[in-house]
Amino acid sequence: MPVTGSCSPPDQPRPSRPSRPAGWQSAAACAGLPPRIVFSKKPKEAAPALRACATCPVRRACEETVAPAENWFDGVCGGRLWRSGRPVPETRLHGGTRA
Ligand code: SF4
């Protein structure tokens, strides 16, 4: 996480602002969605993020960076909903068993 820098010496580069995502994150289709939606474990609540993934130009970068399986990720990443690093089956995303 970037450090806010009011104490940086003048010859040092200023740290980036934490409120502005850099690189691929600035192109994320889910960038304007609340974190409770993007990081939800519940299919119904995560639906807006999953819809955003369908048109997202940075899906590959998202999945490579988050590495959901390796990080036991919970939430939406790369077009899928993950719980504890495992993709939630499609049948549960479309009105199947409730979460
Ligand atoms: S792939 Fe989905 S979760 Fe990842 S940045 Fe794009 S819209 Fe967001």
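Two strands are said to pair if DSSP finds at least two bridges between them. Helices (H or I, at least four residues) and strands (E, at least two) are DSSP runs, numbered from the N terminus. With those terms settled, I turn to the model.

What you see above is a predicted model, in which local features need pLDDT of at least 70 and side-chain atom pairs count only at pLDDT 80 or more, while totals for chains, interfaces and linings use all residues. Residues are numbered from 1 along each chain as its sequence is written.

Let me begin with the overall layout. The protein contains four helices and three strands, and along the sequence these follow the pattern α-α-α-β-β-β-α. Of its 99 residues, 19% are buried. Here a residue is buried if 20 or more other C-beta atoms lie within 10 Å of its own, exposed if 12 or fewer, and partly exposed in between, with C-beta atoms placed from the backbone.

The three strands make an open sheet in the order 1-2-3, with antiparallel pairing. Strand 1 (75–77) and strand 3 (86–87) are the edge strands, each pairing on one side only. Strand 1 is joined to strand 2 by three bridges, and within that pairing Val 76 has Leu 81 of strand 2 as its bridge partner. These two strands form a hairpin with two residues between them, and Gly 78 in the turn has a positive phi of about 60°.

Strand 2 (residues 80–83) and strand 3 are likewise antiparallel, over two bridges. Arg 83 has Arg 86 as its bridge partner, and Trp 82 stands opposite Pro 87. This hairpin, too, has two residues between its strands, and Ser 84 in the turn shows a positive phi of about 50°.

Which helix lies across strand 1 and strand 2? That is helix 2 (residues 43–53), which runs at about 15° to strand 1. Axes here are lines fitted to C-alpha atoms, for helices over the stretch in contact, and angles run from 0 to 180 degrees between N-to-C directions.

I come now to the interior. A nonpolar core is a set of buried Ala, Val, Leu, Ile, Met, Phe, Trp, Tyr and Cys residues joined through C-beta atoms within 7 Å. The largest such core has 14 residues, and those with the most contacts inside it are Ala 28, Cys 30, Ala 49, Cys 56, Val 76 and Cys 77. Helix 2, strand 1 and strand 2 each give two or more residues to this core, and helix 2 gives the most, with three.

Leaving aside neighbours within four places in sequence, Val 76 is in contact with Cys 30, Val 38, Ala 46, Ala 49, Leu 50, Cys 53 and Leu 81.

Cys 30 is found in the segment before helix 1 (35–38). Why does Cys 30 count as buried? It does so because 22 other C-beta atoms lie within 10 Å. Beyond residues up to four places away in sequence, Cys 30 touches Val 38, Ala 49, Ala 52, Cys 56 and Val 76. The C-alpha atoms of Cys 30 and Ala 49 are separated by 5.9 Å, although the two are 19 residues apart along the chain.

The model also holds a ligand. It is surrounded by 14 residues, of which the closest are Ala 28, Cys 30, Cys 53, Cys 56 and Cys 62; a residue is near a molecule if its C-beta atom, placed from the backbone, lies within 6 Å of it. Helix 2, helix 3 (59–66) and strand 1 each supply at least two residues of this shell, and helix 2 gives the most, with three.

Finally, the loops. Gly 85 is found between strand 2 and strand 3 and is partly exposed, because 13 other C-beta atoms lie within 10 Å. The C-alpha atoms of Gly 85 and Ala 69, 16 residues apart along the chain, are separated by 4.0 Å.

Most residues other than glycine have a negative phi. In the loop between helix 3 and strand 1, however, Ala 67 has a positive phi near 45°. Trp 72 lies in the loop between helix 3 and strand 1, and its phi is also positive, at about 55°. Trp 72 counts as exposed, because it has 12 C-beta neighbours inside 10 Å.

Methods
Two residues are in contact if their C-beta atoms, placed from the backbone, lie within 7 Å.
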